[in-house]
Amino acid sequence: MPHHGNEEEHGSSESRRDAEQREDEPQKPVIHDNRKVDPKTGQARHPDQEHHADSGDALSQAEDILNSVEVPAADSVAQSAAGAAEAEELRNDLRRLQAEYVNYRKRVERDRAVAGEMAVIGVLNALLPVLDDVDAARQHGDLADGPFAAIATKLEAALKTYGLVRIDETGVEFDPTIHEALIQQPGTDIDFDTVSQVLRSGYKSGDRVLRAAQVIVAVPA
């Protein structure tokens, strides 16, 4: 369809209509991302570098990046070395304290065990005269039967649980560490000093001799 009229006036009217439509449309807000950390890459943003990236070439960008990198000074390196040395010294001190604590615990446990053993030995030594009376009563036949015989048996059984061992064997080789020779007499058919009779029983607890047994020793003729 042929257009009648002035082309310039027609174009101007269309431009005015477009401008009026843009004015009527709501203006969209402009958001500027000023965050210093890129949410996508997680890297720090440098506004100066972005500006140069838009206006300069790759060489300029590389120079800007290199210039922005902070090289640690000699003082900082020295401080880091001093901090590492101090940390190592603290670790060595901690190791020494740990070793001392372990040794302390072992010493305390050992002392506690020795103290408990000495307490038991003290009780056993206090009861040795009672055991001597029990042996004397048994030899005289007073503990053959009856309530006292049962009490004596229970007492001896209870003391065995604490490691008390009686030394009263005969026919064995004389041992001066557990025997006390009161009498020596010649023996027959023996090649070494032999315990022929026990006059008073001895006792030991573990490897500790509480009292040596008093014995008569038969010696080779």
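**Figure 1. Helix α4 supplies the largest share of the lining of the largest pocket, 4 residues.** The model shown is predicted. The volume of this pocket is about 200 Å³. Ten names make up the lining: Asp132, Asp135, Ala136, Gln139, Arg166, Asp168, Val198, Leu199, Arg200 and Ser201. Both α4 and β3 give at least two residues to it. Sorted by class, the lining holds 5 charged, 3 nonpolar and 2 polar residues. How is such a space found? Rolling a probe the size of a water molecule over the atoms shows where empty space is left.

**Figure 2. The whole protein chain has 5 helices and 6 strands.** In what order do the elements run from the N terminus? They run α-α-α-α-α-β-β-β-β-β-β. The chain counts 221 residues, and buried residues make up 14% of them. Helix α4 covers residues 74-139. Helix α5 covers residues 147-161. Among the strands are β2 (179-187) and β3 (194-200). Strand β5 spans residues 208-211, and β6 spans 213-220.

**Figure 3. Asp132 and Arg211 form a salt bridge.** Side chains of opposite charge can pair when their charged atoms come close. How far apart are the closest N and O atoms of Asp132 and Arg211? They are 2.8 Å apart. This pair links distant parts of the chain, with Asp132 in helix α4 and Arg211 in strand β5. The two residues are 79 residues apart. Is Arg211 buried or exposed? Arg211 counts as buried because its relative accessibility is 13%, under the 20% cut-off.

**Figure 4. Arg138 and Glu156 meet through their side chains in a salt bridge.** The N to O distance is 3.3 Å. Arg138 sits in helix α4 and Glu156 in helix α5, so the pair ties together parts that are 18 residues apart in sequence. Arg138 is partly exposed, with a relative accessible area of 37%. Glu156 counts as buried, at 17% relative accessibility. Which residues are linked with this pair in a network of salt bridges? The network holds Asp135, Arg138, Glu156, Arg166 and Asp168. The salt bridges of the model come to 10 in count.

**Figure 5. Glu88 forms a salt bridge with Arg95.** Their closest N and O atoms are 3.9 Å apart. The cut-off for a salt bridge is within 4 Å. Glu88 has a relative accessible area of 34%, so this residue is partly exposed. Arg95 has 46%, so Arg95 is partly exposed as well.

**Figure 6. Tyr101, Val102 and Tyr104 make a nonpolar surface patch.** How many Å² does the patch take up? The patch is about 310 Å². Tyr104 belongs to helix α4. Is Tyr104 buried or partly exposed? Tyr104 counts as partly exposed because its relative accessibility is 45%.

**Figure 7. Asp189 has a positive phi although it is not a glycine.** The phi value is about 55°. Where is Asp189 found? Asp189 is in the loop between β2 and β3. The relative accessible area of Asp189 is 84%, so the residue is exposed. The cut-off for that label is over 50%.

**Figure 8. Ala221 and Gly187 have C-alpha atoms separated by 6.0 Å.** Along the chain, these two residues are 34 residues apart. Ala221 lies in the segment after β6. Ala221 is exposed, with a relative accessible area of 94%.

Technical notes. Residues numbered from 1 in each chain as written. Predicted model: local features only at pLDDT ≥ 70, side-chain atom pairs only at ≥ 80, totals over all residues. Heavy atoms only, no water. Buried < 20%, exposed > 50% of the residue type's maximum accessible area, 1.4 Å probe, protein only. Patch = residues over 30% accessible without salt bridge, like charges linked within 9 Å, V, L, I, M, F, W, Y side chains within 5 Å. Areas by Shrake-Rupley, 256 points an atom, 1.4 Å probe, with all protein chains shown as cover. 1 Å grid on protein atoms, 1.4 Å probe; cavity = no way out; pocket = protein on both sides within 12 Å on 5 of 7 lines; lining within 4 Å. Points joined across faces, edges and corners; volume = space filled by probe spheres on them. Nonpolar A, V, L, I, M, F, W, Y, C, P; charged D, E, K, R; others polar.
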